[in-house]
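Please work through the exercises below with the sequence and the model side by side, and try each task before reading its solution.

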Amino acid sequence: MLTNTQSRGRLRRFPAVPLALLLVGVVFGAMLHKWAPLADDQHDSADPHAEESEHSGEAAESVSIRVEAQQYGRLTTAPAEVREIETSVFLTGVVGADRSRVARIAPVAHGVVTEVFVSLGDFVDAGDPLLSFDNVELGVAVADFMSASADLRGARAARAAQEVIFARSQEMLSVGAIAQTEHEIRAARYRAAEAQVRVQQARAAQYEEQLHRFGLTEEETQELAQGDASAQHRETSISTLAAPFAGLVTDYDLSLGETIDESNYVLTVTDISTVWVLASVFEHDIGAIREGKQVEVRVAAYPDRTFRGTVSYIADSLNLETRSTEVRCEVRNPDSLLKLGMSARIQVSGEHFLGSLTVPASSVQTLDGRRVVFVQESDSTFAVREVEVGVEASGWVEISSGLADGETVISDGSFYAKTAALRGLIGDHH
């Protein structure tokens, strides 16, 4: 048996530090147990506006969003309405010349340029002179035509003389003053004179047609046919090329004194009152584009201006690398504002859907694989309504089923409502 003195000795030898740590642990555990429920309570009441959906933690059939939370989330609503929808396809293209209105000017014969009346970029009207050149072949043709015209005048004079003789012969034959044989000889001479006139007429017409091809007018050839001495001046060999229609001089490759011939395209005149806008359309959009479709074209130079035209051609083959084909639009170009080579944004009008029930495109969300809208049932309650959607255009989407005309849905902020349906919890600060 230990004495009091022995017991006190053993107590003095027992370590004091571990005992102190044990006491601190017990006290800390009691405090933690007391505060833990308080922290949970504070977490649950952190959002005074939050409300649970009917099925917390999963997609719900309706969501409740307090008015204050709607304002915080900037939710807006819009009614489902019946309206016309027009689908459109947007393309990027380049402004080019209408190939059917591009005239590449070349001389019709060999010659030397004597005068140029236009410069690159000039606007010309139909019939305006472009250049003159000394046409070597024209000089020869003029001489041939004048010779043929002189021969024609001689043949007509000979026919007139034979016509008088033939008429006189007929009178003499009627009174027996001439033998029948002699009369027939005179008649044959008259017929030969008539034939010679026809030959010379054909020859003169051949040369005259050549002169017209070189650009001489009817009045000018008539002067030459009369054998006017002034018309025989060397200037008759000068040919002038004129603009076939109004347009711009878009190519220019000549100078004074230059020798030109039929193989040289010396000028190009382009009518830009109508232009082509060429674009590529991807395979999946080809079905929405047809020849004759209306288009609207915009360019960066005139952002507030719209140019209108039509689809005039769709290529019959695809580019196998890009899976696209070429589309050509004919676009009116008033005041020649559209310049060749400009980049253009093309809107091709698509199908019209008349009497379609529509909502803003922002109203439709995908929830658990379903397309849904949020239909307002009260100030703070919205039903999750599954719908079938159709075409979408210009910010509107067609509703094929699941919604009635006049029902109000969330438009802007529908993703906020989708979050509520998925999480079962929504509030001002989410």
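The exercises that follow concern a predicted model.

**Exercise 1.** Find which residues of H5 are buried, and what covers them.

*Solution.* Among the buried residues of H5 are His-183, Arg-186, Ala-187, Tyr-190, Ala-193 and Val-197. An α-helix has 3.6 residues a turn, so residues three or four places apart point the same way. The cover over the buried residues of H5 includes helix H4 (136-174) and helix H6 (218-225).

**Exercise 2.** Describe how the rings of Phe-166 and Tyr-190 are arranged, and where the two residues lie.

*Solution.* The count of aromatic pairs comes to two. Phe-166 and Tyr-190 form a stacked pair, with 5.5 Å from centre to centre and 0 degrees between the planes. This pair links distant parts of the chain, since Phe-166 belongs to helix H4 and Tyr-190 to helix H5, 24 residues apart. Both Phe-166 and Tyr-190 are buried.

**Exercise 3.** Decide whether Ser-239 is buried or exposed, and identify the side chain with which its own side chain makes a polar contact.

*Solution.* Ser-239, which lies in strand E9 (residues 238-242), has a relative accessible area of 2% and is therefore buried, the cut-off being under 20%. Its side chain is joined to that of Asn-135 by a polar contact of 3.0 Å.

Terms used: Residues numbered from 1 in each chain as written. Predicted model: local features only at pLDDT ≥ 70, side-chain atom pairs only at ≥ 80, totals over all residues. Heavy atoms only, no water. Buried < 20%, exposed > 50% of the residue type's maximum accessible area, 1.4 Å probe, protein only. Helix = DSSP H or I, 4+ residues; strand = E, 2+ residues; numbered from the N terminus. Contact = heavy atoms within 4.5 Å. Polar contact = N/O pair within 3.5 Å; in protein donor to acceptor, adjacent residues only side chain to side chain. Phe/Tyr/Trp six-rings, centres within 6.5 Å; stacked < 30°, edge-to-face > 60°.
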